[in-house]
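Me: Hi! I have a new structure open and would like a friendly walk through it. Could you help me find my way around?

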Amino acid sequence: MGEKEQREQLDKAFVTLRQFVCTLAAQAGQGGEYGEMLWQGIRQSGGLLQELAYYHDYGEFLCRYEVAGYTIADVLAWQVDHFKLFMDRPEDMNRYRQPRLLLAAFDTMLQMEKDAGQFLEKMRFETGQDIL
């Protein structure tokens, strides 16, 4: 495969992944601006781009990329556990929608790339479990 064909294939993959993120954003009740902003961040992160591509193709996480020792699956698990606090609030149940949680995990990882410290303590100590 020549350089031109490789570039065309890469461009096609970017279009597919951008549409995937924007579709997930719409399914999660977010506007197109949020989907585009998230896509631009993921696109610029080699690790998250690879995680997104793998998730798109296989429906599961590769978990090869880490920020401060956390993978995308770790972030998603923390979010699900954390949001258990909202189970008794029907208006917040949309937080359990898969597209929203998935996008929130990618968004959190992007934020962690810039400043992991703001999340580390939360991830260690803030859970949805009642601790007596």
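Reply: Happy to. From the N terminus on, the elements of the protein chain run α-α-α-α-α-α. Please keep in mind that this is a predicted model.

Me: How many helices and strands does the protein chain have, then?


Reply: The protein chain has six helices and zero strands.

Me: And what share of the 132 residues counts as buried?

Reply: That share is 36% of the 132 residues. As for contacts between residues at least 6 apart in sequence, 59% join residues at least 24 apart.

Me: Let's turn to the rings. How many aromatic pairs does the structure hold?

Reply: The structure holds four aromatic pairs. One of them is Phe14 with Trp39: the ring centres are 5.8 Å apart and the planes are at 80°, so this pair is edge-to-face.

Me: Why does an angle of 80° make the pair edge-to-face?

Reply: Because planes over 60 degrees apart count as edge-to-face, and the planes of Phe14 and Trp39 are at 80°.

Me: Where do Phe14 and Trp39 lie?

Reply: Phe14 is in helix 1 (residues 3-27), while Trp39 is in helix 2 (residues 32-43), so their pair ties together parts that are 25 residues apart in sequence.

Me: Are Phe14 and Trp39 buried or exposed?

Reply: Both Phe14 and Trp39 are buried.

Me: What about Tyr54 and Tyr58?

Reply: Tyr54 and Tyr58 form a tilted aromatic pair, with 4.6 Å from centre to centre and 40° between the planes. Both are in helix 3 (residues 46-58), four residues apart, which is about one turn of the helix. Tyr54 is partly exposed, at a relative accessible area of 24%, whereas Tyr58 is exposed, at 55%.

Me: Which residues do ring pairs link into a cluster?

Reply: Those are Phe20, Tyr55 and Phe61.

Me: OK, new topic: how do helix 2 and helix 3 pack?

Reply: Helix 2 and helix 3 pack at an angle of about 115°, and their axes are 7 Å apart. The two helices are therefore roughly perpendicular to each other.

Me: Which residues meet there, between helix 2 and helix 3?

Reply: On the helix 2 side there are Trp39, Ile42 and Arg43, and they meet Leu48, Leu49 and Leu52 in helix 3. By class, this contact has five nonpolar, no polar and one charged residues. Trp39 is also the residue that pairs with Phe14.

Me: Next, the loop between helix 3 and helix 4. What is phi like at Cys63, in that loop?

Reply: Phi of Cys63 is near 60°, a positive value in a residue other than glycine. Most residues other than glycine have a negative phi. Ala68 is found in the loop between helix 3 and helix 4 too, and phi of Ala68 is near 55°, again a positive value.

Me: How exposed are Cys63 and Ala68?

Reply: Cys63 counts as partly exposed, at 31% relative accessibility. Ala68 is partly exposed as well, with a relative accessible area of 46%.

Methods: Residues numbered from 1 in each chain as written. Predicted model: local features only at pLDDT ≥ 70, side-chain atom pairs only at ≥ 80, totals over all residues. Heavy atoms only, no water. Phe/Tyr/Trp six-rings, centres within 6.5 Å; stacked < 30°, edge-to-face > 60°. Buried < 20%, exposed > 50% of the residue type's maximum accessible area, 1.4 Å probe, protein only. Axes fitted to C-alpha atoms, helices over the stretch in contact; angles between N-to-C directions. Parallel < 35°, antiparallel > 145°, perpendicular 65-115°, else oblique. Contact = heavy atoms within 4.5 Å. Nonpolar A, V, L, I, M, F, W, Y, C, P; charged D, E, K, R; others polar.
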